[in-house]
Amino acid sequence: MRHPYQWSISAMLLLLLLATGIEAQVSLDQAGIVVPGSGEVKPWPTYDVHGNGFSNFDMVAAIGRGYGAVLFGHDGASPCGSRLSTVYVYESVSREAPGYYVDGDRPGDEDLIGNAAKSQPPGSGGFGSHVAGDAADGSEVVFSLTASGMDTLSALVSPRIISATSYVGGSGEMHLWQVTRINQGLRPGQSLPPGNIANHLARIPGSGRSRTCGVLSLGEGGVVTVTEDMTGGDPGAVFGIPSSDKSVIVITVWGNYGNWIKTPSFMYPGVGGDAPARQSISGVGYFVVRTAKNTAMAFFPDGNVITDFGYYTLGVELPPGIVALETESAERGISAWGAARTVIAVRGVDSQGKNHPCVVVIDLVAPGTPNPIVRHVLQVDDDLQSPPDFIDGSAMDVAVGPSKEILVTWRHFPSQSPVARFYDQDLSPITPTFWVSTKEDADVNTGDTTIKCSLKDEFGWIAWLSESFSPGLNCKGVQMQRDTVVRAFQNPVWVSAITDWMEY
């Protein structure tokens, strides 16, 4: 049921649009109910995280003092190592720390991995590439990294060790992760069942490699790691699903703080299990995993399937003017509130061949019934008269809030200036498309197109890469080309739900 205040918001927006004759994205003043909760904040002003596409940094909203957002990143340009920053809306400042620790280290110890990265020449990329992160609250944070050059990195941090160095058996990539509340050092992202890389006949000895596909904190319910196993030979054979010469999606559920295996590793059991996607997991209590084949499944924490969403772009009703949705893709945003609502970013194509940012919304209605899911597609730039061609589908992100409201953000080409839009639980737009940055269309970025958002309770958060806020020197004293910038906005659904303002 729509809240009575939401009707007034929709009416107010309609009058606003008619009165101003808006034909393009609007300023915050024009948007009316879009209220910024902070100015622009640089979460790591001496780190340049560009260079790794959609997974060069990640962000999640976390309940805590000041309604904070946590950002995760790895400097792939300088290189200067990995960073973890918490930004508080009321303080508009960041709490910055090293992102990873080797085995036996705890927060506050020497940043051995960061120091190892700083020892490498510029342009080397350091020892990290793909990054993902999540938080159950303001104090429990899960950080996930694809580490490269494991032999070199292990030698630089010696005599300390890094988990899974022997597992890799070479200098290949490895999915490593850790929980910061009770930090126990980096660990591999999957636990192998009997018949592992070292002795399984279907695998090529010494070829063990893996990459993070994402990580999810379920709080006391556990930690879920999603790994792309890239071991040579047939990595799926270990799990009874032949997948010769392909990499596969492996899911592991760990105990409440990641210190014991709750659900042993299993391979994604449906179509797309051999087509891993980046940052492919989301959820609260339950979790959803998507694949690069445009398939997805919802899971219980014990690994059992709640519902197989199948090909979520196949046969769905399209918005007016959109004639097709893109086919497969590895880099797309996903956000899920439990298994009840899942939102996945896609690109839509109109009859002129122009691309548009769109989202597929999947609502779980009644598990076990013949038609347990309902799917919708939203064209999020449909309020713009002549939107520019949306070039890069990884240049958008989505977030679902506790009331199933939705925040969508994307890069406005060709300048890549960030824009966003809020939707209510009934999928009606609460706001027009609005500029995120105080510089509006003058916020320029010429590098990676990454943008991220998160949403929880009072605030939505948007983080993007920008060259427009006087980038400073990196950790090695070299001029940076761009910054990571983050900003908070009041959640219009949360604001409209308060009916008695006399108490505030």
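**Pockets, strands and backbone exceptions in a predicted model**

The protein exposes about 18200 Å², of which carbon and sulfur atoms supply 54%; accessible areas come from the Shrake-Rupley method with a 1.4 Å probe, and for residues only the protein chains shown count as cover. The model is predicted, so local features need pLDDT of at least 70 and side-chain atom pairs count only at pLDDT 80 or more, whereas totals for chains, interfaces and linings use all residues. Residues are numbered from 1 along each chain as its sequence is written, and side-chain values use heavy atoms, with hydrogens and water left out.

Of the 504 residues in the protein, 61% are buried, where buried means under 20% relative accessible area, exposed over 50%, and partly exposed in between (1.4 Å probe, protein chains only). The secondary structure comprises six helices and 28 strands; helices (H or I, at least four residues) and strands (E, at least two) are DSSP runs, numbered from the N terminus. Among contacts (heavy atoms within 4.5 Å) between residues at least 6 apart in sequence, 61% join residues at least 24 apart.

Pockets were located on a 1 Å grid over the protein atoms alone: a cavity is a set of points where a 1.4 Å probe fits but cannot get out, and a pocket is an open set with protein on both sides within 12 Å along at least five of seven lines; lining residues have an atom within 4 Å of a point. Grid points are joined across faces, edges and corners, and a volume is the space filled by probe spheres set on the points. The largest pocket has a volume of about 550 Å³. Its lining consists of 35 residues, and Met59, Val60, Asp134, Ser282 and Ser335 lie nearest its centre. Two or more lining residues come from each of β1 (57-62), β5 (128-135), β9 (210-217), β13 (281-284), β18 (334-337), β22 (396-400) and β26 (451-456). Among these elements, β26 gives the most to the lining, with five residues. By class, the lining of the largest pocket has 19 nonpolar, eleven polar and five charged residues; Ala, Val, Leu, Ile, Met, Phe, Trp, Tyr, Cys and Pro count as nonpolar, Asp, Glu, Lys and Arg as charged, and the others, Gly among them, as polar.

The second largest pocket has a volume of about 220 Å³. It is lined by 14 residues, with Leu84, Thr86, Ala97, Val141 and Thr180 nearest its centre. The elements that give two or more residues to this lining are β3 (81-88) and β4 (93-98), and the largest share, four residues, comes from β4. The lining of the second largest pocket divides into six nonpolar, six polar and two charged residues.

Strand β1, one of the elements lining the largest pocket, is mostly covered, with six of its six residues buried. In a regular strand the side chains alternate between the two faces of the sheet. In β1 both faces are covered: Phe57, Met59 and Ala61 on one side, and Asp58, Val60 and Ala62 on the other, are all buried. β1 runs antiparallel to strand β2 (residues 68-75), to which six bridges join it; two strands pair if DSSP finds at least two bridges between them. The bridge partner of phenylalanine 57 in β2 is glycine 73.

β5, which also contributes to the lining of the largest pocket, belongs to an open sheet of four strands in the order β5-β6-β7-β8, with antiparallel pairing. β5 and β8 (187-188) stand at the edges with a single partner strand each, so one side of each is left without a neighbour in the sheet. β5 pairs with strand β6 (residues 141-147) in the antiparallel sense over six bridges, and alanine 132 stands opposite serine 144 in β6.

Most residues other than glycine have a negative phi, and most peptide bonds are trans. The peptide bond from serine 78 to proline 79 is cis, with omega near -15°, and proline 79 is found in the loop between β2 and β3. A cis peptide bond also leads from phenylalanine 413 to proline 414, with omega near 5°. Proline 414 lies in the loop between β23 (406-412) and β24 (417-423). Glutamine 416 lies in the loop between β23 and β24 and has a positive phi of about 70° although it is not a glycine. At 6% relative accessibility, glutamine 416 counts as buried. Aspartate 457, in the loop between β26 and β27 (459-466), has a positive phi near 55°. At 28% relative accessibility, aspartate 457 counts as partly exposed.
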